[in-house]
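Hi,

Here is the structure I promised to pass on to you. Have a look at it first, and then read my notes below.

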Amino acid sequence: MFFLSFNQFMKMTFYGQFVAGEDHKAIRPLIQKNQAFGVGSVLDYSVEEDITQEEAEQKEMDSCASAAEKERIGKEKKYKVHKQFGDRRGGVTGARTYFYADEAKCDQHMETFIKCIKASGGSSMDGFSAIKMTALGRPQFLLQFSEVLVKWRRFFTFLASQQGKDGMTALEQKLELNQLQEFLNKLGAKGDFYGWFSGRKEESSGTIDMIDWNSLIDDRTKISDLLVVPNVELGELEPLLAKFTVEEEKQMKRMLQRMDILAKHAIDNGVRLMVDAEQTYFQPAISRLTLEMQRIYNKEKPVIFNTYQCYLKEAFDNVSMDVELSRREGWHFAAKLVRGAYMYQERERAEEIGYEDPINPDYESTNKMYHRCLDYVLDEIALRRNANVMVASHNEDTVKHTLSRMYELGLFPRENKVYFGQLLGMCDQISFPLGQAGFPVYKYVPYGPVNEVMPYLSRRAQENRGFMKGAQKERELLWKELKRRLVSGELLYRPVY
């Protein structure tokens, strides 16, 4: 009688469908086979700690070193640590999760990402490697930094509303500096704000926009002294921006150092880095740190890609501001557009804790947001040829929309400005025809030992309850394609490179 081990059984079933192999040697045949049909790879080492919900919650709470620090981090509800949401895997099916232990563990994660970068460079040309920022530093630092960034941006929006600039996109809002000086003086703030802001611009027009405003965050220590404004709830003056502690400054520096090391390895191995998006209470800091790396490494070509979640209400503002910043500073904008992986968790957390739901109200509005962001980037590519976008979507209408817009704008596949992305084991009826037609298309390729990717796979199984329905459609399309090739004599077709 023939018996299969657990690992052998898994490799023949769900693991074999959605995971490429256990290590960089095992995944190479699949990567090279896909590449023969014009399909590249985004490598993702999908190993997770197999811990209980209670252990995950405790890890999240322990990452706040002291009771005093727990109280100080996140004055706003959204940016506080909440034990009931300490297990960040809850309601998330398609993304791996890292929990903080110490700085040594972050260094281990960095080494793992380096191995993934080398595996990508050794297995294919022009590949990608996926990384997660919460693996490279203390999540509570990301909470703190995100709160600072959001407060700063929100204050700009408030000031714009006082100047009658409601109802505009973020880029359209501009503050008149004279009015700003007068209004802040009325609030009780002290200082020469006009001189401070206008002195930072080479040519002062008497106005500043959100990008000018955000650039001032680099001088947050001086701004903390300058912008002392009334706290309406507490009835007292306080700095708009909190000063980071020495330890927080060190944490940010260490996280950037790890990112810097990964970027250099990526360049050495001919690989691009895909920084994954995460929860909204981390994402402002993640995007800002990613942007800092893009400023350095995307000057000559796109190396660092940021991820934009289009189920967010603020997605278009985020995309349009970063595109405009790349124009002004002269580096390559590079983005992956996704719909988003944390919707159920985000909505539950917002309702339970009591802050505005950051997610678009329904699927249709998310589709509109996705296409709006995509069209904006495609227009930028057509205009300047200095932006790049990965359309990471299983939605056939989105893929068709992209192809139609590329045709309208005269964007050719061989320019390698617009990429398509799907998950390994899903939507092959989209990926492989695109690859054979010469379009840059990539599979997101998870890999890792069977036992260690089981937490990821178990959640992926939940996401793909409708998988068999999709598989039936794929078989029908593949049979149709096979008959077409038999009739046309293209059975042994090979893509042209």
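A quick word on terms before the helix pairs: helices (H or I, at least four residues) and strands (E, at least two) are DSSP runs, numbered from the N terminus. Axes are lines fitted to C-alpha atoms, for helices over the stretch in contact, and angles run from 0 to 180 degrees between N-to-C directions. Please keep in mind that this is a predicted model, where local features need pLDDT of at least 70 and side-chain atom pairs count only at pLDDT 80 or more, while totals for chains, interfaces and linings use all residues. Residues are numbered from 1 along each chain as its sequence is written, and side-chain values use heavy atoms, with hydrogens and water left out.

**Overall picture**

The protein chain has 20 helices and 12 strands. Of its 497 residues, 54% are buried (under 20% relative accessible area, with exposed meaning over 50% and partly exposed in between; 1.4 Å probe, protein chains only). Take the contacts (heavy atoms within 4.5 Å) between residues at least 6 apart in sequence: 75% of them join residues at least 24 apart.

**Helices α12 and α13**

Helix α12 spans residues 246-268 and helix α13 residues 283-297; their axes lie 11 Å apart at an angle of about 45°. That angle makes α12 oblique to α13 (under 35 degrees is roughly parallel, over 145 roughly antiparallel, 65 to 115 roughly perpendicular, and the rest oblique). From α12, M252, M255, L256, M259, D260, A263, K264 and I267 meet L289, M293 and Y297 of α13. By class, this contact has 9 nonpolar, no polar and 2 charged residues (Ala, Val, Leu, Ile, Met, Phe, Trp, Tyr, Cys and Pro are nonpolar, Asp, Glu, Lys and Arg charged, and the others, Gly among them, polar).

**Helices α3 and α6**

Helix α3 (residues 24-36) packs on helix α6 (residues 103-123) at about 45°, with the axes 10 Å apart. So α3 is oblique to α6, and their crossing is right-handed. Here H24, R28, I31, Q32 and Q35 of α3 touch A119, G122 and S123 of α6. This contact divides into 2 nonpolar, 5 polar and 1 charged residues.

**Cysteines**

How many disulfides does the structure hold? There are 0, counting a pair of cysteine sulfur atoms within 2.5 Å as a disulfide. C106 is buried because its relative accessibility is 3%, and C427 is buried at 11%.

Best wishes

Methods: Left-handed = near helix turned anticlockwise from the far one by under 90°.
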